[in-house]
Amino acid sequence: MNIIIKDLCKIYRGKITAIKDLSLDIGPGMFGLLGPNGAGKTTLMRILATLVQPTSGVARVGNYLVNDPHEKWQIKAMLGYLPQELVLYGNLSAYEFLDFIAALKKVGGYRERHRHVEHVLELTGLQSVAKQFIRTYSGGMKRRVGIAQALLGNPKVLIVDEPTVGLDPQERVRFRNLLVRLANERLVLLSTHIIEDIAQTCLHTAVMHQGELIFHGRVTELINQARSKVWVVEATDFQLTSDMILATSTPTTNGIKYRVLANEQPHPKAQSAEPEIEEGYLWLMNTAGHYVGTGMALQI
Ligand SMILES: Nc1ncnc2c1ncn2[C@@H]1O[C@H](COP(=O)(O)OP(=O)(O)O)[C@@H](O)[C@H]1O
Ligand SMILES: [Mg+2]
């Protein structure tokens, strides 16, 4: 199963460009779509889920075109989607909710449907709480109900939009592991603005910014964007200047240890260091011309 996107554009109401000339091929397994808020990730996912029409260009899920009025039903039948803002019915149990959605999706007859609901509850680790009201669940459990509903009908493609936002660290780790497991058997497209999500789960990633694709490749290549640009310096007379990007500043017993990104050694005492994925991302944004020379910690 593949997703192929060619020269895709989406302009809302004739004036807001959300996606600009985007071309991207996504293969089986787990794929991470990274980008700051407003980059166009949700728009792209909604186009792939056939919920939004592209303005121009082509997107294919498997052999089917998203904007073909007939083929889009084939896509709907093989695609599960967890939207960024999923509304759950708090007064239903997970079991009742999933059974309801499965009935809407016309998953088999009564018995087959119930077996299938049991199956997705098991996959998402919700069996023991399946009879409790959803409103009593933690954020992570609610997110797993969201994945469970997306898995109804056993889709070959699973699209999850910012699923780890608001989860506590334990829930986040658990949720990531679940996605990795699910990606064994299907294409999982994960969008996030949290770099750590991608670092822990994906081999391949793409980075969007202001509707454009600014990177597509292995996670290791993203890290390599900052190779030989990372410097560690701990010196009282160190000054940040506009040609540097501050990645982190950590208090130490002697003062502050800075990790900065710069083309040249920023201080005689600065030592070169191995890049982290965040630093690859920051340098990428910098070289894409979006954040040149802020000399400040970047919010992503
Ligand atoms: N329904 C819409 N109508 C108009 N503009 C929209 C709509 N949805 C998104 N946008 C705009 O498109 C751009 C991309 O948004 P979005 O796809 O939600 O990005 P992301 O998910 O990366 O935060 C933003 O500028 C956003 O304001
Ligand atoms: Mg979004």
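Predicted model: local features only at pLDDT ≥ 70, side-chain atom pairs only at ≥ 80, totals over all residues.
**The whole chain.** The secondary structure consists of nine helices and 14 strands. Of the 300 residues, 40% are buried. Among contacts between residues at least 6 apart in sequence, 67% join residues at least 24 apart.

**Ligand 1.** Next, select ligand 1 together with the residues around it: Tyr-12, Arg-13, Ile-16, Ala-18, Gly-35, Asn-37, Gly-38, Ala-39, Gly-40, Lys-41, Thr-42 and Thr-43. Colour this shell by residue class, and it divides into four nonpolar, six polar and two charged residues. Then highlight β2 (16-26) and α1 (41-48), each of which supplies at least two residues of the shell. Which element gives the largest share of the shell? That element is α1, with three residues.

**Val-157.** Now move to strand β7 (residues 157-161) and select Val-157, which lies within this strand. Is Val-157 buried or exposed? A residue counts as buried when 20 or more other C-beta atoms lie within 10 Å of its own; Val-157 has 23 such neighbours and is therefore buried. Show its contacts as well: leaving aside residues up to four places away in sequence, Val-157 touches Met-1, Val-61, Met-78, Leu-79, Arg-186 and Leu-187.

**A last distance.** Finally, draw a line from the C-alpha atom of Val-157 to that of Thr-250; the two are 41 Å apart in space and 93 residues apart in sequence.

Technical notes:
Residues numbered from 1 in each chain as written. Chains lettered and ligands numbered in written order. Helix = DSSP H or I, 4+ residues; strand = E, 2+ residues; numbered from the N terminus. Buried ≥ 20, exposed ≤ 12 C-beta atoms within 10 Å, placed from the backbone. Contact = placed C-beta atoms within 7 Å. Near = placed C-beta within 6 Å. Nonpolar A, V, L, I, M, F, W, Y, C, P; charged D, E, K, R; others polar.
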